[in-house]
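Have the structure open while you read.

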Amino acid sequence: GGTSSYGVQQSPGCEADDVKSITALDAPPSANAFPSHPMDFSAMGFQLRGVWRRSRQESKVSVLLEKAASGSWHLDSAEEDDGRPPPQGLLKHFISYPSSPRRLVWDFVGAMLIVCDLVAVTLEVFKPPKSSFEDVMQSLALIYWTINIFASCFVGYVRGGVTVMSLKDITCKYLRTWFLIDVIVVGTDWILAMSDSDKKAKGTSIKLLRTLRLIRMLRIARLLRLRKIVRNVNNLIDTEYVGILANITKMLLLLIMANHAMACLWFYVGDSAPEDSRSWITAHGYADAHWVYQYTTSFHWSITQFTPASMEVQAQNTIERTCAIAFVLFGLVGFSYVVGSITGSLAQLRAMTECRSRQFWQLRKYMSAHKVPIALSVRIQKYAEHAVERQSETPTSSIELLDLVSEHLRAELEFAICMPYISV
């Protein structure tokens, strides 16, 4: 055999399929071949074997690596599975994914404002005095929801398991869903903010402003957005322990908010009774009480509808009695759901730690029985904790849902896992 000028050993018995003559350069390049290597072996009369000439469809991870190395592809702007390319030009810098960190922060602020709106709207039945804090929160909420109308046109959404990042599709979906409610509520808030209804409005203006205040009750419809926001936040939880604690916290907050709404509705029923009718507010002497005491009393009564506890406040007319019966039925179902969910989460949390606690207790008992020095005992326990944490890593083969993921997403997943180890 001989050796070429590049140091490649050539066997005298090599077949024609393995070694091509220089005249093979006149043939067009294969469409399935990878981009040319800095050392072009075709110029030396060699042809790469079949395993080195796999098509791009057979090695999508290699394609991703090639694009990443050349700078022509980024992980956050990959093509969608439905064949439509991601936004190009300046739009890609403004359109964000629904689960991106900046969007989650924005949605979290919106969730806090929604809760504040719910509390503020329902507390109006107690006629609390105006405060500077309330004015500041209303101004911040007005500015936020005004900006959110435009920001909603620049965040993708999931359709059929695929994240849609087309500006046209995003805008059309927003116009069909939340646009009308947002415009009505935000427009009403701006009209009320620019008008001094308490000092200057009279006659028909007062009637118009009252109508606008009723329209502002549509803000409660924003509660439907909380479910989506909570779901996006749950997607960031990567440990079962934190997920269980988050579920318990969510159930407790849900119980508190339900009792708050019931307390406000119970006071509204009593306050709306005719003057010649006896209500629980007048019967128990709460008509002239401070609004905070009225609220705490109503909240106390609403909690007793969820629990076997009782208090001195009782219904005094047919409407209040009917409302109390409805609250008891709702409390029977709602409290059972909340308590069942919390109990299940606590049982799951205890099951997670029970087995491990028993194993470490047996280890400490064994070392104590054999009079192992404390320093060595602590070292053994710390290393055992480290070993248990390493064993808790889930292998890819045991994740059944990955079998349902598309090939393109599996390629991106492998790329994201391997990239930190191969990047320079």
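## Helix packing and aromatic rings

Helices H8 and H10 cross with a right-handed sense. On the H8 side, the contact uses Ile 256, Asn 259, His 260, Met 262, Ala 263, Cys 264, Trp 266 and Phe 267. H10 brings Gln 294, Tyr 295, Ser 298, Phe 299, Trp 301, Ser 302 and Ile 303 to that contact. Sort those residues by class and you get 10 nonpolar, 5 polar and no charged ones. As for the geometry, H8 covers residues 240-271 and H10 covers residues 291-304, and the two pack at an angle of about 115 degrees with their axes 8 Å apart.

Keep in mind that this is a predicted model. Zooming out for a moment, the protein has 13 helices and 4 strands. Of its 424 residues, 27% count as buried. Take the contacts between residues at least 6 apart in sequence, and 68% of them join residues at least 24 apart.

Now for the rings. The count of aromatic pairs comes to 14. A pair like this is described by how far apart the ring centres are and by the angle of the planes. Here are two of the pairs side by side:

| Pair | Centre to centre | Angle between planes | Arrangement |
|---|---|---|---|
| Trp 280 and Tyr 286 | 6.0 Å | 55 degrees | tilted |
| Tyr 295 and Phe 299 | 6.0 Å | 40 degrees | tilted |

Why does the Trp 280 and Tyr 286 pair count as tilted? Its planes stand at 55 degrees, so the pair is tilted, given that stacked needs under 30 degrees and edge-to-face needs over 60. Trp 280 is buried, and Tyr 286 is too.

Tyr 295 and Phe 299 sit in helix H10, 4 residues apart, or about one turn of the helix. Both of these residues are buried, and both take part in the contact with H8.

Where do these pairs lead? Ring pairs tie Phe 126, Trp 266, Phe 267, Trp 280, Tyr 286, Tyr 293, Tyr 295, Phe 299, Trp 301 and Phe 327 together in a cluster.

Lys 173 lies over the face of Tyr 157, at 5.2 Å from the ring centre.

Conventions:
Residues numbered from 1 in each chain as written. Predicted model: local features only at pLDDT ≥ 70, side-chain atom pairs only at ≥ 80, totals over all residues. Heavy atoms only, no water. Axes fitted to C-alpha atoms, helices over the stretch in contact; angles between N-to-C directions. Left-handed = near helix turned anticlockwise from the far one by under 90°. Contact = heavy atoms within 4.5 Å. Nonpolar A, V, L, I, M, F, W, Y, C, P; charged D, E, K, R; others polar. Phe/Tyr/Trp six-rings, centres within 6.5 Å; stacked < 30°, edge-to-face > 60°. Buried < 20%, exposed > 50% of the residue type's maximum accessible area, 1.4 Å probe, protein only. Lys NZ or Arg CZ within 6 Å of the ring centre and 35° of its normal.
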